[in-house]
Amino acid sequence: AWIFASEINKYELEGKECTWSQDSRNLAIWREDAVQIFDTKEGRTIHSYRTDEDQIKDLSWGPESILAIIRESGSIDLLNTSSGKVDHALSFGGNKIEKVQWNPRGTAVAVTLDNDTIEIRDTHKWQILPPILEHQDKIAKISWNRHGTMLASISEEGDFKLWPHVPQASVGHAASVYHVKWSPNGQLLVS
């Protein structure tokens, strides 16, 4: 990390956030309307991405150097960080996207929407994998197990869901909940 600290300092931004690629090769640093991709091995900026007056809400690294950029307008740009070009722009039926998370194998992506639902999509044809998960209030966090076969979600009021559905997994919380995470072996889940 020290190799390119001076390069990161050149990108002086207020409220900057960062996220690592799955292979730890690249680091994305973003602010409201711009993202810079750093090659951590070479210690240099390899690509920059800027929106057209639209705010960036979140980022999520997918497989093969694909970065999903969630825009305030509710769409996702899939940035190919190898070429620096947007390969696809996705929208979800007029609903705004809140969060996105790729499964570890890169074969599916889970998207939380502003209508308190989660859509899981196949990443080859971008078709919805049933069922759509519904919560009673705002979704706080989603998390795939390490095999990418199960997705856990929890709402801010403690409503817990698993995909595919597991009836005995229903759990209630007495207070607001903001996180859900699988153990590294994919056997345990904490919220």
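Visitor: What makes a stretch of residues a strand here, and where does that place Thr51?

Guide: A strand is a DSSP run of E with at least two residues, numbered from the N terminus, and in this predicted model Thr51 lies in the loop between β4 (44-50) and β5 (56-61). Counted in this way, the chain holds one helix and 17 strands.

Visitor: Why is Thr51 called buried?

Guide: The word buried applies under 20% relative accessible area, and because the value for Thr51 is 6%, this residue is buried. For the chain as a whole, 46% of the 191 residues count as buried.

Visitor: How do you know that the side chain of Thr51 makes a polar contact with Asp54?

Guide: The side chain of Thr51 comes to 2.3 Å from the backbone oxygen of Asp54, and a polar contact asks for a pair of N or O atoms within 3.5 Å, so the pair meets the distance cut-off.

Visitor: Which residues does Thr51 touch, not counting those up to four places away in sequence?

Guide: With that exclusion, Thr51 touches Asp33, Ile56 and Arg71, where contact means heavy atoms within 4.5 Å. Across the chain, when contacts between residues at least 6 apart in sequence are taken, 32% of them join residues at least 24 apart.

Visitor: Why is the lining of the largest cavity described as nonpolar?

Guide: The residues that line the largest cavity are Ala68, Ile76, Leu78, Leu90, Phe92, Val100, Trp102, Val109, Val111 and Trp126. Because Ala, Val, Leu, Ile, Phe and Trp are among the types that count as nonpolar, the lining comes to 10 nonpolar, no polar and no charged residues.

Visitor: What volume does the second largest pocket have, and which classes of residue line this pocket?

Guide: The second largest pocket holds about 240 Å³ of space, and of its 13 lining residues the closest to the centre are Pro63, Ile66, Trp102, Thr123 and Trp126. By class, the lining of this pocket has five nonpolar, five polar and three charged residues.

Notes: Residues numbered from 1 in each chain as written. Predicted model: local features only at pLDDT ≥ 70, side-chain atom pairs only at ≥ 80, totals over all residues. Heavy atoms only, no water. Helix = DSSP H or I, 4+ residues; strand = E, 2+ residues; numbered from the N terminus. Buried < 20%, exposed > 50% of the residue type's maximum accessible area, 1.4 Å probe, protein only. Polar contact = N/O pair within 3.5 Å; in protein donor to acceptor, adjacent residues only side chain to side chain. 1 Å grid on protein atoms, 1.4 Å probe; cavity = no way out; pocket = protein on both sides within 12 Å on 5 of 7 lines; lining within 4 Å. Points joined across faces, edges and corners; volume = space filled by probe spheres on them.
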